[in-house]
Amino acid sequence: MKWLVFAWKNVMRNRRRSLTAMLITAFGTAAVLASGGFALYTYESLEEMTARDSGHVVVAHSRGFDGDEDVPLQYGLADATGLAAKFAALPGVRAVAPRVQFSGLISNGDKSAVFVGSGVVPEIDFRLRGPQMSFSAGRPPATNAPAPEVVIGDELARLMKARVGTSLTLLATTTEGNLNAVDVVVSGIAGVGVPEIDKRLVLADLASVQRLLLSDKVGTLSIYLKETADTEAVAARVRGAQPDQAVKTWRDLAVFYQAVRALYNRIFGILGVIMICIVLFAMSNTLGMAVVERTREIGTLRAIGTLPGEVVRNFVFEGMVIGGAGAVAGMVLAGGATVALLFAGIDMPPPPGRSAGYPLFLSFSPLLYGAVTLVVITLAAAAAWMVSRHAANKPVTEALAHV
Amino acid sequence: MNANFPTVRLGALRKSYRVGESSVEALKGVSLEVGGGEMVALTGPSGSGKSTLLNLCGLIDTPDAGSRELCGTALDSLDELSLTRLRREKVGFIFQGFNLVPVMTVYDNVEYPLLLLGVAPAERRRRVTEALGRVGLESFALRLPDALSGGQRQRVAIARALIKAPALVIADEPTANLDSATARQIVDLLHELAHERNASVVVATHDERMSSHCDRVLHLIDGELQ
Ligand SMILES: Nc1ncnc2c1ncn2[C@@H]1O[C@H](COP(=O)(O)OP(=O)(O)OP(=O)(O)O)[C@@H](O)[C@H]1O
Ligand SMILES: [Mg+2]
């Protein structure tokens with residue numbers, strides 16, 4: 001305690017210099033915390049987005065993910081209802097959504113376009129997708145409508161000049177390799193914010209799609225969990241229970257998430273390294289000057305019996321006081337920014353390939369704050385150690401003669 | 001402390017400094033014994049080697065040749081860490097320029113050697129209070145050294161040197177920066193306190209009053225004791 005007080009007094013010896021080092025450390029800490037918070041927020045958003053889209057755990061026929069089917073549902077799951085019930089009974093499972101991916105041509109009589117569609121159970125699927133899919137008109141397809149209903153992407157609706165209630169025709173290859181057509185009514189127009197997807201999107205009732213494809217199989221079963229963190233555990237259980245089927249997690253399927261994560265980790269990693277250098281530089285500069293100025297005092301303390309290690313320790317404490325104060329100030333800055341952004345309503349521009357921006361928020365992670373504080377204090381201590389070691393081991397007479 | 005040994009025993013000490021190409025022989029074989037509680041004055045012209053000898057005596061410098069003992073312990077084979085530990089326990093220093101730590105209060109400066117020795121807090125408080133009383137600075141305990149006169153600062157330094165009851169006190173021209181009236185007080189105080197605590201003192205000085213208080217006056221000329 002006495003030593004910390006002593007360190008504090010020495011820090012206050014040259015207030016302006018210590019304050020400068022402290023502020024540099026504070027801004028460095030805040031920059032790392034803010035950018036780290038932004039990266040975490042992005043990861044979390046993408047995680048949620050991807051998991052909402054694909055489901056946390058996806059089960060398919062053993063070759064169902066290979067994408068080399070000759071005809072639709074060649075590698076489909078046969079007893080979908082039985083499997084779904086089995087998965088739904090697993091702990092932590094919120095819902096199981098059967099899906100059929102299909103594609104073909106969509107036509108309004110005058111013109112046709114390619115669509116990429118999903119047959120889904122509307123009551124399950126649209127609830128799970130949540131805010132990710134936004135309806136600009138209409139509602140999800142009804143299961144027992146007189147004519148099969150579909151939701152189409154807003155871009156596709158523009159191409160087809162379709163509105164809610166418009167009749168369109170879907171044309172697709174059946175499981176037997178023939179062409180089949182079905183007349184559908186647009187029940188809703190929606191988008192996921194990715195133009196490439198929204199200009200091909202068709203979501204239809206699962207049963208109607210199965211009728212169109214002449215099959216009672218489903219393509220995949222998407223298992224939605226209550227907690228994203230349970231993903232690996234549930235995936236492992238399903239793999240154990242269904243050795244004949246292929247099981248993937250949202251992470252395996254989330255190409256975009258993985259790419260963004262890799263990119264951000266690199267960008268913010270480099271930023272972190274730069275900050276480490278800046279903090280090291282500021283601290284060693286400030287403490288280095290203090291060491292030079294106090295060389296004679298070091299000599300005095302050494303003469304009256306202070307060990308070199310104790311001299312170094314005193315400087316290390318000084319470094320930790322400055323670094324600690326800087327880290328705390330940085331946390332306050334970053335925390336303040338995190339809270340301020342909640343109310344500021346600032347939007348990020350749309351990411352590549354997307355039509356809508358997203359709100360700029362920072363995630364608060366106690367782990368990140370703790371780790372960064374620890375790193376900053378360690379850096380400060382290391383800088384102090386580096387710059388004081390030499391003077392502390394100087395011959396005492398030499399240190400005393402220093403002017 | 002073992003009474004059978006002199007506090008300091010120096011045998012044929014040599015020390016030279018390199019200055020560029022040439023070297024200066026500061027001590028040319030100095031032998032000296034200082035008994036327990038003895039106060040020795042070291043006089044001689046400027047450049048005669050007084051400071052060099054004091055530094056060797058006080059274990060803050062190493063000789064080129066010769067032998068040293070402190071309280072019966074041979075020092076020749078000790079490394080810097082062991083020498084530092086010996087200084088911590090047995091040697092007090094008083095400098096010409098006072099050398100107090102400016103950010104520490106008078107109290108903290110005097111307490112510092114006891115912190116190094118790991119003395120318990122209550123015991124520290126008792127001894128610091130007593131030492132400050134002894135040098136007449138109780139009421140200045142919470143001041144910083146900057147707020148003291150030269151004489152007061154040197155009294156703090158004396159308290160700091162003697163608080164751990166060292167076997168040896170090294171004082172290099174302790175009164176050179178003081179006016180003569182103050183110098184007299186400092187001389188009296190150092191003499192009195194060292195005597196009380198049975199500390200041996202080696203003091204380099206040009207000051208006649210200082211030498212007159214000492215048990216022995218040594219004269220150093222050109223690196224040799226006369
Ligand atoms: N660090 C050093 N480097 C080079 N030469 C030195 C050094 N210290 C002392 N000397 C030389 O050694 C000799 C003895 O110096 P020392 O300081 O011991 O003398 P002194 O008796 O204490 O003198 P003063 O009364 O001026 O303090 C002198 O010639 C001095 O120039
Ligand atoms: Mg001298």
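Which of the 14 residues around ligand 1 come nearest? They are B:S46, B:G47, B:K50, B:S51 and B:T52, where a residue counts as near if one of its heavy atoms lies within 4 Å. The structure is a predicted model, in which local features need pLDDT of at least 70, side-chain atom pairs count only at pLDDT 80 or more, and totals for chains, interfaces and linings use all residues. Residues are numbered from 1 along each chain as its sequence is written, chains are lettered from A and ligands numbered from 1 in the order in which they are written, and side-chain values use heavy atoms, without hydrogens and water.

**Ligand 1**

The table lists polar contacts, that is, pairs of N or O atoms within 3.5 Å.

| Residue | Protein atom | Distance to an oxygen atom of ligand 1 |
|---|---|---|
| B:S48 | polar backbone atom | 3.3 Å |
| B:G49 | backbone N or O atom | 3.0 Å |
| B:S51 | polar side-chain atom | 2.8 Å |

The protein covers 61% of the 620 Å² of accessible area (Shrake-Rupley method, 1.4 Å probe) that ligand 1 has on its own. In the shell, α1(B) gives the most, with three residues; helices (H or I, at least four residues) and strands (E, at least two) are DSSP runs numbered from the N terminus.

**Helix α7 of chain A**

In α7(A), residues 206-213, six of the eight residues are buried, meaning under 20% relative accessible area (1.4 Å probe, protein chains only). These are A:L206, A:S208, A:V209, A:Q210, A:L212 and A:L213. Their cover includes β2, β3, β6, β7 and β8 of chain A. After the helix comes A:L214, with a positive phi near 60°.

Technical notes. A polar contact is a pair of N or O atoms within 3.5 Å; within protein, one must be able to donate a hydrogen and the other to accept it, and residues adjacent in sequence count only if both atoms are side-chain atoms. Buried means under 20% relative accessible area, exposed over 50%, partly exposed in between (1.4 Å probe, protein chains only). Contact means heavy atoms within 4.5 Å.
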